[in-house]
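Dear colleague,

My notes on it follow directly after.

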Amino acid sequence: MGYVVAETFDYVIVGNSAAGLQALRTLRKYAADASVAIIDREDLPAYSRVLTPYFVGGKTERDNLFIVDRDYYNQAGITTLFGRNVVALDAEDRRLKLDDGSSVTFGKLLLATGAEARQLKVASERSSVLRHMADAEQLVKLMQKAKSITAIGAGLVSLPLLSHAPASAEKHLVVGSNRILSRMVDAEASAILEARFVENGLQLHKQNDIVSIKEGDRLQLQLASGDCLVSDMLIVGKGVTPNSALARDAGLQVDYGILIDDYCRTSHDDVYAAGDSAEGKDFVTGEPIIQGNWMTAVEQGEAAAMNMLGMSCAYAGSLKNNITEIFGVDVAAIGECLDDSEQSVSVHDQKTGRFRKVFLNDQQQVIGAILIGETNDAGLYYQWIRTRSHFPGKHVLSGSNTYAGFQLRMT
Ligand SMILES: Cc1cc2nc3c(=O)[nH]c(=O)nc-3n(C[C@H](O)[C@H](O)[C@H](O)COP(=O)(O)OP(=O)(O)OC[C@H]3O[C@@H](n4cnc5c(N)ncnc54)[C@H](O)[C@@H]3O)c2cc1C
């Protein structure tokens, strides 16, 4: 690597978002005097990506997205290198090379580089993904005049964006598979949600794809089925790819994400990783996974920082944890709640739409839960999963559509 200037810090964090910010807070909590730098190619204080669909839909102001302000870093004595891209890592030399040719050296490094949204093969100036603030700003502009909005990909980007878009707009969703939210909930819950969303204004085009886009006053989106949708903008929500290239190019072990152990350490002793770029142990299955949620990024960021400080703090593993409201329906999915789970118990009140499904392993321990229509008690289910609590048996459901009165044994 050719270097121009080298600045040296005890701790360097790449990525100023959920994982990076929590790591920074933890480093400052336990090491007030350590020199710390945080680098991010976005020139902004940390903000919530989770809230960006609300901003795009006009339901909250841009200012409300920020978790801290610029002063926060100054007051905490943190060096910020914002608007700077890290282009290479030399793990042996403990150096990062930045896009302006300068370099930064570190004692310990945290890669909290997150993920990037996958683009669509066919593109238009009136289409955008949503991952960064610049995407959100682009979508705000597009949405202002849109009478018809189409999204592709049935996950937690497209659906909240359509849901929070102005009620007056026509809302289309193009989905490759035959169901929505397949990475979040099982087929039964997916069907219930689909019916509710359609009732509330969503027009669904399943087992379909956008094969070409014709520009004009309005976009003509040619679907694989032969149909053509006329829309004013296109939202692309086709999933994400972890930012693992820095680690891979530096010779660190990378599978899909950057592989980390229970201490959030990579295959290099002085380099840690956390959040959407890191592949670590799932709490329920024990298998490596990128959970892709805000809470996991925060928890791993904290654990990584404690271990960077030499505190030896094992992370028990990540959990799926999505709690949101889409098309007026509250929905939560926690832990293992997909189709391949061994056992489940469910209740569905057709009148109120309230649905609860608890997933169990062969020892009757709660490993996952889906809640629809009411999610206030999601924290309780989260706790049951985290404490590997036993489910008392199906009898608790008889004659009642509520789980009130559960007596859970803790392991
Ligand atoms: C629209 C949307 C809705 C979401 N909704 C939910 C939800 O409801 N619930 C939920 O739990 N999660 C949700 N998520 C996911 C959640 O936002 C992520 O899990 C979380 O942001 C991951 O945090 P992170 O710190 O790992 O990475 P990121 O938030 O991706 O941040 C990584 C940072 O690293 C920077 N970076 C990367 N590479 C470099 C480099 N080489 N040099 C310099 N800087 C670099 C990037 O600029 C970025 O700022 C949503 C995400 C989006 C986009």
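The domain assignment divides the chain into domain 1 (6-116 + 241-308), domain 2 (119-236) and domain 3 (321-397); such bounds come from an automatic or database domain assignment. Please note that this is a predicted model: local features need pLDDT of at least 70, side-chain atom pairs count only at pLDDT 80 or more, and totals for chains, interfaces and linings use all residues. Residues are numbered from 1 along each chain as its sequence is written.

The C-alpha centres of domain 1 and domain 2 are 30 Å apart. Where these two domains touch, 13 residues of domain 1 are in contact with 13 residues of domain 2 (contact requires C-beta atoms, placed from the backbone, to lie within 7 Å). On the domain 1 side, helix 2 (residues 52-56) gives the most, with five residues. Helices here are DSSP runs of H or I with at least four residues, strands are runs of E with at least two, and both are numbered from the N terminus. That side of domain 1 comprises six nonpolar, three polar and four charged residues. In this classification Ala, Val, Leu, Ile, Met, Phe, Trp, Tyr, Cys and Pro are nonpolar, Asp, Glu, Lys and Arg are charged, and the others, Gly among them, are polar.

The ligand lies between domain 1 and domain 2, because both give residues to the shell around it. Of the 36 residues in that shell, Gly15, Ser17, Gly114, Gly275 and Asn293 come nearest (a residue is near if its C-beta atom, placed from the backbone, lies within 6 Å of the molecule). Two or more residues each are given by helix 1 (18-30), strand 2 (36-40), helix 2, helix 8 (294-308) and strand 21 (321-326). The shell divides into 16 nonpolar, 14 polar and six charged residues.

Arg356 has Leu371 of strand 25 as its bridge partner.

Finally, Val122 sits in the loop between strand 7 (115-117) and strand 8 (127-128). Val122 touches Ile210, Ser212 and Ile213, leaving aside residues up to four places away in sequence. Val122 and Ser212 are 90 residues apart in sequence, yet 6.1 Å apart in space, C-alpha to C-alpha.

With kind regards

Terms used
Pairing = 2+ DSSP bridges.
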